[in-house]
Amino acid sequence: MKRQTLFLIINALVMIVISVILNLVVLPLVPQDPEDKLFGDILILSDQEIIEEIPEEGNFRIVHSKMNALDTNDNIIGVVYQAIARNGYTYDPEDAYGVIDLYVGIKNDKVYVEINDLRQTSTYVGGIQTYIYDVFDGIPWTEVEAAEVRNVGDLEAGATASASTATVKELILKVVNLHYEVVDEVDPYEAMFEESLGYAYSEEDSAFVPSSELIVSKAIAYDDDDNVIGAIYKLVGSGVYNSDSSSSGSLALYVALSEDGTVLGYMMPKDEYNHTLQTNHYLKNEAFLDSIVGDMINALDGNTDIISGATNTFNLISDLLDALMAEVTS
């Protein structure tokens, strides 16, 4: 056998041995899965506790589960939560929903985040990833609430993409508040009721069965003496919002009604508003909703002249209000 041939054979055998060592010894010690990258260590996630089931349909923001993070010696080194959001910012036009699926790890009072699944508007995915790893890589849990919500869109072109980063922050804040048992004392429903009504609290009506898929839930509102002063309905629907009907998305509308069916107030949260958030469009629809406060739900007389240029979203809002009217007058 020629010396050159023998040298090639020996080299090949050395490469094979090195490859085997890498696969059997080195690679198993290198963090590869998303959860392993949280703390820079190979993790075993155990003792899963389901906190909230994943809804089959519709948009949501939930903390789905909690798990202990064990190292390779079975020592608990932290806690990992899976937090998931579904919205209207689809990666592919054929997707039913956009998805943000995160592993949120807490170790030594610091928060770490890894992406399990991220399917948002394709143009902005890279910016959203950068935002997550820039802002939430070992941030103290007490600083999460004050963390920035970054616009990762093309500022020169006037495009904005802060809704997805706001959702990321909301998911992480939900985890932090749950883990550290932080109670949010601000009741968002209170703003829908005049002070004279004495709104004190609300409770979900567990027996409520909506007559339309556009109606998600109903809560009963009470004063300090436990008297019923009204009800709060959450309405969610999807529809096109561009003039050429090329894009569609969902929005949520909360409407407070008195016992006799008078519209007491409303909320149209921007973080659940997956239509065009151009200021003039949103404000026009908001102005219309302002104009129906005080009307009876079965005899709305709002100012429809002000919604010029934002009619697609207005049509969806009208459908939601029609569903609510049918619900309370049936």
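Modeller: Two strands pair if DSSP finds at least two bridges between them. Helices (H or I, at least four residues) and strands (E, at least two) are DSSP runs, numbered from the N terminus.

Biologist: What kind of model is this, and how are residues numbered?

Modeller: This is a predicted model, with residues numbered from 1 along each chain as its sequence is written. Local features need pLDDT of at least 70 and side-chain atom pairs count only at pLDDT 80 or more, while totals for chains, interfaces and linings use all residues; side-chain values use heavy atoms, without hydrogens or water.

Biologist: How many helices and strands are in the protein chain?

Modeller: The protein chain has five helices and eleven strands. Of its 330 residues, 41% are buried, where buried means under 20% relative accessible area, exposed over 50% and partly exposed in between (1.4 Å probe, protein chains only).

Biologist: Which sheet do E7 and E8 belong to?

Modeller: They are in an open sheet of five strands in the order E7-E8-E9-E10-E11, paired antiparallel. Strand E7 (199-204) and strand E11 (263-267) are called edge strands, as each pairs on one side only. From one strand to the next the twist averages 25 degrees.

Biologist: What makes strand E10 mostly covered?

Modeller: Nine of the ten residues of E10 (residues 248-257) are buried.

Biologist: Why is lysine 218 called buried?

Modeller: Lysine 218 has 17% relative accessibility, so it falls in the buried class. This lysine is in strand E8 (residues 215-223). Leaving aside neighbours within four places in sequence, lysine 218 is in contact (heavy atoms within 4.5 Å) with Glu203, Glu204, Asp205, Phe208, Ala231, Ile232 and Tyr233. The C-alpha atoms of lysine 218 and aspartate 205 are 5.7 Å apart, although the two residues are 13 apart in sequence.

Biologist: How do you know that helix H3 reaches close to its expected span?

Modeller: H3 (residues 162-179) has 18 residues and spans 26 Å from its first C-alpha to its last, against 26 Å expected. The expected span is 1.5 Å times one less than the number of residues. Helix H5 (residues 311-329), with 19 residues, reaches 26 Å where 27 Å is expected.

Biologist: Why is serine 164 counted as buried, and what is it in contact with?

Modeller: The relative accessible area of serine 164 is 8%, so this residue is buried. Serine 164 lies in H3 and, apart from neighbours within four places in sequence, is in contact with Tyr89, Ile100, Gln120 and Ile128. Other buried residues of H3 include Val168, Leu171 and Ile172. The cover over the buried residues of H3 includes strand E2 (60-70), strand E3 (76-87) and helix H2 (125-135).

Biologist: What makes tyrosine 131 and phenylalanine 136 an edge-to-face pair?

Modeller: Rings of Phe, Tyr and Trp (its six-membered ring) pair if their centres lie within 6.5 Å; planes under 30 degrees apart count as stacked, over 60 as edge-to-face and the rest as tilted. There are nine aromatic pairs in the whole structure. The rings of tyrosine 131 and phenylalanine 136 are 5.6 Å centre to centre with 85 degrees between the planes, hence edge-to-face. Tyrosine 131 is buried at 0% relative accessible area, and phenylalanine 136 is buried at 0% relative accessibility.

Biologist: Why are tryptophan 141 and tyrosine 180 called stacked?

Modeller: Their ring centres are 3.9 Å apart and their planes lie at 10 degrees, so the pair is stacked. Tryptophan 141 is in the loop between strand E6 (137-140) and H3, and tyrosine 180 is in the loop between H3 and E7, 39 residues apart. Tryptophan 141 is partly exposed at 24% relative accessible area, and tyrosine 180 is partly exposed at 21%.

Technical notes:
Axes are lines fitted to C-alpha atoms, for helices over the stretch in contact, and angles run from 0 to 180 degrees between N-to-C directions.
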